[in-house]
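Here is a short briefing on helix packing, the chain contact and salt bridges. Keep the structure open as you read.

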Amino acid sequence: MLKIDNLHVSIEGKQIIKGLNLTINKGEVHALMGPNGSGKSTLSYVLSGKEGYEIDKGAIEYNGKNLLDLDVDERANLGLFLAFQYPMEIPGVQTSFFLKTAINSKRKFLGLPEVDALEFAKLIRSQAEDLGISSEMLKRDLNVNYSGGEKKKQEILQMSILKPDMAILDETDSGLDIDALRIVSEGVNKLRSKQNSFLVITHYQRLLNYIKPDYVHIIADGRIVKSGDFTLALELEEKGYEDISKIAS
Amino acid sequence: MAATEQTIKQVNSLGNSEYKYGFSTELDEIKAPKGLSEETVRFISAQKNEPDWMLDWRLNAFKVFNKLPKPNWAKLNIPDIDYQDYYYYSSPKSLKDKPKSLDEIDPEILKTYEKLGIPLKEQKILSGVAVDAVFDSVSVATTYKKQLNDLGIIFCSISEAIQEHPDLVKKYIGSVIPVSDHSFAALNSAVFTDGSFVYIPEGVRCPVELSTYFRINAINTGQFERTLIIADKNSYVSYLEGCTAPMRDENQLHAANVELIALDNAEIKYSTVQNWYPGDREGKGGIYNFVTKRGVCRGNSSKISWTQVETGSAITWKYPSCILQGDNSKGEFYSVAITNNKQQADTGTKMIHLGKNTSSKIISKGISAGKAQNTYRGLVSINSRASNSRNFTQCDSLLIGNKCGAHTVPYIESSNADSIIEHEATTSKINEDQLFYCMQRGLNSEDAVGLIVNGFCKEVLQHLPMEFAVEAQKLVAISLEGSVG
């Protein structure tokens, strides 16, 4: 699904990612953990194609394609989804209209006709209900005056409607209370299948109690320093990043 | 950004095909002799078989025009206009002997309107919308006429109104915009060709949207629209105009005068979707749009509301205004002005508070892209007699790219201590993170800009009649094609 090979990335001449390797196969859930400034968010932006990142070296292959050749919207329409750490507010654009525009963009890309209005209304209502998003909320402007938790739920709603092949969750757990964390995690788990993959970026092991990863990687100073299964997250929680990084180096 | 570059390349390769109304129609025309003179004025009046009082009024206006300088307050670079280089009247020959029904109209003209999405044949006419179609200097056809007649509503071309309802025209024409207001107003009064006339009788609520579709077709021709709308006591009307023109390398002139009169408790809602040809990317060609629109709330508790979506024209010079004469009267101005490439717009409103307890609201959204300049210019004037009056003004500007300009020039004059005037203004650049967010959800860069800008304009667009709101949203997106980067 996704193969990152010896990736080097810098921002304005400053090296952030320094030789990162990661392979994610179909149906796998990978967790990426690391301290602030280790390059976690940079990786999510590079994967989704944000401007301002210099790829100095390395390659990224996505479903047999050179990911770095693709535009942001092409990547999205080919099934790559980023759940933002800080979702953007779009004033004047109704949430449900945004969702419909997004799904129709993908359908257009795939050569499908626009989604049937009635069918879409049904789909969005049932998905929103599962996430505890009220229909009143869907009428509000996208993310405007949403609480932190509401914004994160909105990201998961978009994900459940767009049904990505490869979803990157960038610190989706930050700013969530325990109830919201559970609801968001359930949303992710419902989507998990043998056909899709997840890269879950987080600081804390807490989220991984709800979204059980197949693999856990620890990133420090722009490199993956240690990989393992779920027990690595528990170990990390116990010993802290500093200790683990030391062991790794 | 790779996506942006690609978009720009694509748009460039399209040339100007983004202006989809740019075709012209081949027709035999009757034209006035080229140039502007008393003879031209007489020719137009004679073509329309006008009574003497109308001709005299025109001739007087022409004298006034010759004495007035070109208005120069706007932040616009207006090239010198050679008034002798234009034709002031052009009518398709086939319309000479007033066609009695649509079957008698030249199929080429009907085809033109169909291509523009304005079918005139009865079986296809827009439901809930009565249309008056003006082609160059003459009105082609007015739909729904009979149904409106039954309610006592008059909706016809101004030329027809001069013949059929001279008392109403005589009473109101020039009563809101005096001939001597400024030189474009005088010019229009001298050589106006056609436009719409609306009279809503007392107590009648007009059940359909009234709409005029203006089309400039002939080359080197100025279009001088004259529209007069009178809403008698306790009546209501919603009116909408749309405008397009073929793509031509020469600049063309459109100088309109629109007068609205609202009597006691009457309400007039006037919406414009202006999409004249804007010129090419280098600023060649396009329409000079010099428009004077003014409404007077003559009666107590009357209301006039202007909504405009200005996306076309090389130069837009336009300040739809309200004179709030009656006590408790209300004026509103909702505006979206988009300029791209080398377009220039200087637009806004004047709210003149004369009566007591009058209120006005101004919401202006200016979007500037490419190398365009976009100015909001507005006046709020509160007379000493206008006690307890209120104004709220909000002007927001959005910049796309770093070669365009946005300017806000509000004038506020208050001679009254009990009145409240509020002014808010913001200027911002389109947010790259918002664009990235939308594109990560699969929208291409142009759709993303369209979505964000439509959101920015929502407060204005929601005031358009529903039938046109969707079209206007598409137009907003199309006008900004190729603007990111």
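**Helix packing, chain contact and salt bridges**

H4(A) and H6(A) cross in a right-handed sense. The model is predicted.

**Helix pair**
- H4 spans residues 117-130 of chain A, and H6 spans residues 148-162 of chain A.
- Their axes lie 10 Å apart, at an angle of about 135°.
- Angles over 145 degrees would count as roughly antiparallel, and 65 to 115 as roughly perpendicular. H4(A) and H6(A) are therefore oblique to each other.
- On the H4(A) side, the contact is made by A:Leu123, A:Ile124, A:Gln127 and A:Ala128.
- H6(A) contributes A:Leu157, A:Ser160 and A:Ile161.
- Of these contact residues, five are nonpolar, two are polar and none is charged.

**Chain A with chain B**
- Chain A puts 33 residues into the contact, and chain B puts in 22 residues.
- The two chains bury about 2300 Å² between them. Carbon and sulfur atoms account for 63% of that area.
- Three salt bridges join chain A and chain B.
- A:Lys50 forms a salt bridge with B:Asp433. Their closest N and O atoms are 3.1 Å apart.

**Salt bridges overall**
- Over all chains, the whole structure holds 25 salt bridges.
- One pairs the side chains of A:Lys151 and A:Glu89, at 3.4 Å from N to O.
- This pair links distant parts of the chain, 62 residues apart. A:Lys151 sits in helix H6 of chain A. A:Glu89 sits in the loop between strand E6 (80-83) and strand E7 (90-94) of chain A.

Key:
Residues numbered from 1 in each chain as written. Chains lettered and ligands numbered in written order. Predicted model: local features only at pLDDT ≥ 70, side-chain atom pairs only at ≥ 80, totals over all residues. Heavy atoms only, no water. Axes fitted to C-alpha atoms, helices over the stretch in contact; angles between N-to-C directions. Helix = DSSP H or I, 4+ residues; strand = E, 2+ residues; numbered from the N terminus. Parallel < 35°, antiparallel > 145°, perpendicular 65-115°, else oblique. Left-handed = near helix turned anticlockwise from the far one by under 90°. Contact = heavy atoms within 4.5 Å. Nonpolar A, V, L, I, M, F, W, Y, C, P; charged D, E, K, R; others polar. Buried area = accessible area lost by both parts, 1.4 Å probe. Salt bridge = Lys/Arg side-chain N within 4 Å of Asp/Glu carboxyl O.
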